[in-house]
Amino acid sequence: MRRAVLAAAAALSLAAPWHPARAADRALRPAGTVQTDLTLAGRRIADLDGDGRDEVVLVARDGRVRVVRRGTDGALSAPLGELVLPDPARSLLALGHVGDDERTYLLVASPGGIAAYPSVPGAWFAVRPVHLSVRARFTLRVGEPRFAPIARDLNGDGRSDVLVPFADRCEIWLQRAGDESGPSLALGATVNIDVDRRTETGGDALSDVLESAFTIQDIRAEDVNGDGRRDLLVADADVRAFHLQRSDGSFPADPDVRVDLSLFRDTTPEAKVRLGRTLAGSDDQRYESRDLDGDGIPDHVIAHRRKVWVFLGTRDGPQFEHPVAVLKTAEDMSALLLVRVDEDALPDLVLVRLEVPSIATILKGLLTEWDVELSAVGYPGRAVGGFDTKARWKGELTVRLPALLGVIRDPDALIRRFESVSQRFGKSLIADFDGDGRDDVLLVNDGESDSGGDGAAPRVDVWLGAPGAGDADAERVVGHVLFDDANRTWTLERMLAWLGDLAQRRAARLTGGRKPAGSFSLRADATHRGIEAADLRGDGAHEIVVIYDGAEGGIVDVLAWR
Amino acid sequence: MKRSPLVALATALLLLSAGGGAAAPRPFGHVTTLDMPRGRRAEAAFLADVDGDGARDLVVAAARGGARARRLLRVHLRRAGETAFVPEPDFELLLLPDVVGIAVADVHPDPGAEIVLFAPTGVFALRPRAANERDRYVPLVRTEVLWQLPHHRKTLVLQDLVRDVDHNGLPDIVVPGPGGYDIALQHERDGARAFEISVLRLPDWGADTPLGKAGRRMQGRRQAREMRVSIRIGGGAGDASAGELLAVSESVPAPQFVDWDGDGLADVLAQTTTDLLVWRQRPGQGFTSAPGLRIPLPLTVDRRRLLDISFSALTSDIDGDRRADYVLVAGDQDADEPRVQIALYTRARRGEETGRPLFGERGRPTQLLVVAGIAGAPALTDVDGDGLDDLVLGAVRLDALDTLRAVAGSDIDAELYVYLNRRGRLGRHPALTTRLAVPAKRLRRGRGKSLARFIGDVTGDGVAELLVRTDPTRLRLLMVRRVGDALSVVETPLFETIVPESADVVVTPRGALPPEVLVLSRQGVLHVRFGR
C-alpha cells in the first residue's frame, strides 16, 4: 500500500516535459522529484540498457536496489525493480559488463560468490543473477551494501574482472569468454595487500568506545614494461612484486619480479632522533616509481638514509640489479619526492630534510608559536634517466606552528579551519547541461564562503561554455614553494590562505572568472549526499541529479537547464 | 619528606646499578623473568586461573616465524614458592588463523578453565585437554563480533569480556558487535553447561557519532591520535599514491556493568553522544533487547567535546546506596584559562527520582569541582580502603613559569590528585597531590607508555599503593599512607626496576587477590608479585 502511495506521489511530482525556450529565458529549474522510502547506502548513474538514457541506481541499507529513470513521456519514474540483495551487510557492488552483453550488470561480491544482475527492459535489475563464481567469496562485514572499485577490465578484453579483498590478500578473478555454460570467472592471481587497522578494546569509562576499523589499499594496475597491457603492482610490507600480464590476458600466480626493499641499506649509521638534528624520517626504505626518461615505462627510485638508487624500467619489466645512478647526500633525508620542478617534462628529484626542534623549542611551543626548520634540495632529471649528481635547487623554509596549548584546548577549531578551506575546493561537474554540444561547469557552493560563515544555504552554480583547462600544474607549485617563493616562513594562517587561494584559482580556471549563468539552492531540510550529472532524456543535455537523505527516506531531485 | 642518609645511599646505589642493566629488585617485589625462545616473540600476556586452583597462571600470546607467522599460546601454570613460573610453558597451543582475541574462563564441564576464542562470527571454547581434535573446539556463541580482522602476529586479550554478570558463580561472555552487545549467561544443568543469550541492541541513532546515523563517521575523534591533512601531487605510482579499495569503521560505546537499581544484579550502561542507556538485568531472564531507560545527557557531546582531552564519563556507586552514580569530567570551554570541571551526579532517594533519573530535570550536578590546568585520565577506585570509590585525576600545569622550569630542568611536571569519597561527596580539595616528573626527552619514545595507577593495598595498611612509570625505562611501586585526613606518598619506592623503553605493562585488575604486574617486551615477560 505504501509503495502504491509513493508511486502515486512520484507520478504527481513535478515532471513537466521539457519545452524549448528562448536562450534568454532559460535557467536552472526543478525537473522532477522522487521521494523514496529507502535509507540510502549508495548510488550510481549509468545507462543500464544501452538506450542512450542514463538511469539513477539507488541502493538501500537493507539491500533493496531500485532504479529511477525518465520514461518516454519524460516523467520521472517511481523507484523501479524488486531486487533485494541477500546479504546486504557483506556485499560489495560495482557496475560492469558480462561477456559480450552490452547491458550493464550489477556485480555483487558476497559470501555467496560473485553474482551479476542484468538490467532488464525498462532498465532496472533482474532479481535472478548470473552466478559468475561461487568460489570467489567475499566474507568481510561492511555494514551495508557498498560500491567499491572491484570491477575493472584489468586485461583489456572488454569484460569486467573482479577483485575480492580479504584481511591479508586480494584475489583477482578474471572473466572468461562465455561458453555453453555462460560467462564465468577464473582465479587469475592472489596478491598480498597492505591493510591499515585501528582497534580499541579497552573501556573502563562510559565515554570510551570499542572500535574496529580497517582500510584495504587498492592494488595498482599499470603497464610497467611498455607492452600496452596493464600489470599488477603489489606492496606487502617491504616487498614489491610485479605480475606481468601475458598476451592471453592472464596473470602469473607468482610475481615475475620481486624486490625486497629492506636489502637496500645505506651503511651510514642510523640517525638517532636527537633533538636539534635532522629527523631522518623513519629508518625504513622509501620507494617511488615514475617514468623518469620519457620512454613510457615506469622507473624506480629507492632511498635509505643518505643513499638513493635509481633503476630504469625495461621492456622485460622492472629490474633492481643495475642502477643507472646511485646518489649520496650529505645529510639524512626525511622525505623523497619525484616532481617536475623545471620546465621540461622530466621528473626531478627533491629531497626534504626536517630538523627536529630542540627540547627547549618544544616546551616553549606549549605556550608560544614555535618553528620547525625544513630544507630541500633538488636534482634535475636527465633524459637518459636518473638525475644530475649536482643539486641545482636549494631552499630553506620555516614552518611556524601555533602554541600547542591552544591546539590541545580546542583542536576542533583547527580542524574546522582546514575543513572550511577544503569545502572551498567544492565538488565540480563538467558536462553539457544546455545541450549545445559544449561542456559546461557546475560547482557546489556550500554557502559559507559567500556569507562569511553565516550559514547561507548551499547551492549549485552553473557556467555555460567551455571550462578552463583543468587544474594548473600542481607539481610546479611544489618547486615554487620549496625553492622560489621569496617568503620563506609559513605560518598556519599563510598555509590556510594559500590553500584558499588555490581553491579560488581552480574555480577561476574552471569558470573563466565569470559570474554563473544560473544557480539553485539545495534543500535545507535534508542532508545532500551526492550530486551527479545524468543525461536522463538521452538528448545530450545533462540534468543535475541531487540525492538527499530525508526524514522519510532518500530523495532524488532533478534540475535541468531549460 | 627528608630522606635519611641511609635511604639516600641505597637509592643512589640502586640507580647506579640500574645504569648497566636490570636493577636488582627490592625485596618487596618477587620477580620472575621468562625469556622467549629463539624465533618466538611475545605479543601479549595476561594472568588468569587456567587450572582452577585459585591461583593466576600466566598466558602469553606469541608469534613465531616472519612473514608467515603462526600465532600460539604459551600457558605457564603457577608454582608455589618464590619463583612463580618456570621458563618452559606447561603447554603450548596453536591458534587458528581466524582467531581475533582470547580470554580464559571456565565455560565447559572439563576441570579447570578453557581458552575462550573470539572469531569474527562467534565465540568458541578451546579445550586444551580434549583427547580428540574434533572435540577440541566447542561453539559457545554464534554472533557477529565487533573485531573481525585477525592479525597474523597479534592477538587481542579480551579477558574483560568474561565476567560473572548474573552472579551465579559461572563466568558469562560479553560479545560487542557492530549493533550492540550479546551477553551469553552461563548456566549449569545436570552437569552440562548452557548459554542463554541476550541481544542488547543500540538504538539506530546516536551511537557515538554526533550526527547520529552510522553512515557518516566523524573525522576527529577523542581517541584519534593524529590529524592528517594530505595533498596529493605528482604523477608517480610509488608508495605514496596508493588509493583505497575498501575502508570500514565500526564502533560501539564501551558497556559498563554496574547495579543501576540496587537489586544486586549487574545492569548494563552505555553512553552515546546524546543519551545514557540502561538495560536492567531481569532475575533469571537476562536482558531485553532495547534499553529500558534512555536518559538525555546533561551536556552536548559534539565533535568539539569529543576532541576535549579532558572529557570522560564514569559510573560507579559513589554514595554507597548500591545504585550507579555518574561522574563527568570535561574541559571548561568557556574559560579564559585552561581548567576542568568535575560534575558528580548521585541518585535521588528511592521513590523520589524524577522523569530524568540521575541528572534531574535541569541537569544540575550534586557536586561541582573545578581544577586548574589541563586534567584528565580520571579513574574511580578505592584508594583509602573504606570501600567507596575515590576519584583519581591527572593534571598538567602549563603556565609560563612551569614551562621555563621544564626547559631548564628538562622535566615536565604532572600531578596526580586523589579526591576522597566522603560518604557520597568528594572532598573539595585533593587529599593527595603528588608530583610526577616526566622527562621531556622521553616524551617521544615513551609516548603511550606512561602509567600512574593505584593498584591495591600491598602493605597491609588498607591504603592502595601507587604504581608509576613516568620515565618509560623505570617502573616503581610507591607506598601511599594515611596522614590524618590526607594521604601522602612515600618517596622511597617499595619496588623499582628498569624496563625496556618499548615494553608494555599489564596490571591485574583489582580484586580479591594481591596485585601483580607483567612487563612485556620483545625479549619476553617479566612477572612481578608484590609483597614480602
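**Entry 1: a residue in chain B**

In which loop of chain B is B:His167 found? I traced B:His167 to the loop between strand E11 (162-163) and strand E12 (172-177) of chain B. Helices (H or I, at least four residues) and strands (E, at least two) are DSSP runs, numbered from the N terminus. This is a predicted model, in which local features need pLDDT of at least 70 and side-chain atom pairs count only at pLDDT 80 or more, while totals for chains, interfaces and linings use all residues. Residues are numbered from 1 along each chain as its sequence is written, chains are lettered from A and ligands numbered from 1 in the order in which they are written, and side-chain values use heavy atoms, with hydrogens and water left out.

I then looked up the backbone of B:His167 and found a positive phi of about 55°, although the residue is not a glycine. Most residues other than glycine have a negative phi. B:His167 is partly exposed because its relative accessible area is 49%. Here buried means under 20% relative accessible area, exposed over 50%, and partly exposed in between (1.4 Å probe, protein chains only).

**Entry 2: another positive phi**

I turned to B:Ala377, which lies in strand E24 (residues 374-381) of chain B. Its phi is near 50°, a positive value in a residue other than glycine. B:Ala377 has 66% relative accessibility, so I noted it as exposed.

**Entry 3: chain B as a whole**

How many helices and strands does chain B have? I noted three helices and 38 strands. Of the 532 residues in chain B, 54% are buried. I also looked up contacts, meaning heavy atoms within 4.5 Å. Among the contacts in chain B with a separation of 6 or more, 49% come from residues 24 or more positions apart. The accessible surface of chain B is about 24,000 Å², and carbon and sulfur atoms hold 50% of that area. Accessible areas come from the Shrake-Rupley method with a 1.4 Å probe, and for residues only the protein chains shown count as cover.

I picked B:Thr33 in strand E1 (residues 29-35) of chain B. Leaving aside residues up to four places away in sequence, B:Thr33 touches B:Val525 and B:Leu526. B:Thr33 is partly exposed because its relative accessible area is 47%.

I checked the span of helix H4 (residues 411-425) of chain A. The expected span of a helix is 1.5 Å times one less than its number of residues. The 15 residues of H4(A) should therefore span 21 Å, and the end C-alpha atoms are 22 Å apart, which agrees. The buried residues of H4(A) are A:Pro411, A:Asp412, A:Leu414, A:Ile415, A:Phe418 and A:Val421. An α-helix has 3.6 residues a turn, so residues three or four places apart point the same way.

What covers the buried residues of H4(A)? The cover includes helix H3 (404-409) and helix H7 (492-511) of chain A, together with helix H2 (303-306) of chain B. After H4(A) comes A:Gly426, with a positive phi near 60°.

I moved on to H7(A), which has 20 residues and reaches 29 Å from its first C-alpha to its last, close to the 28 Å expected. Its buried residues include A:Leu492, A:Leu496, A:Leu499, A:Ala503 and A:Leu510. Among the elements that cover the buried residues of H7(A) are H4, strand E28 (393-401) and strand E29 (428-431) of chain A. H7(A) is followed by A:Gly512, whose phi is positive, near 70°.

**Entry 4: two side chains of chain A**

Is A:Ser289 buried or exposed? A:Ser289 is buried because its relative accessibility is 2%. I found A:Ser289 in strand E21 (residues 286-290) of chain A. A polar atom of the A:Ser289 side chain lies 3.2 Å from the backbone oxygen of A:Asp299.

A:Arg61 sits in the loop between strand E3 (55-60) and strand E4 (65-68) of chain A. A:Arg61 is partly exposed, as its relative accessible area is 26%. The side chains of A:Arg61 and A:Glu144 are joined by a polar contact of 2.8 Å. A polar contact is a pair of N or O atoms within 3.5 Å; within protein, one must be able to donate a hydrogen and the other to accept it, and residues adjacent in sequence count only if both atoms are side-chain atoms.
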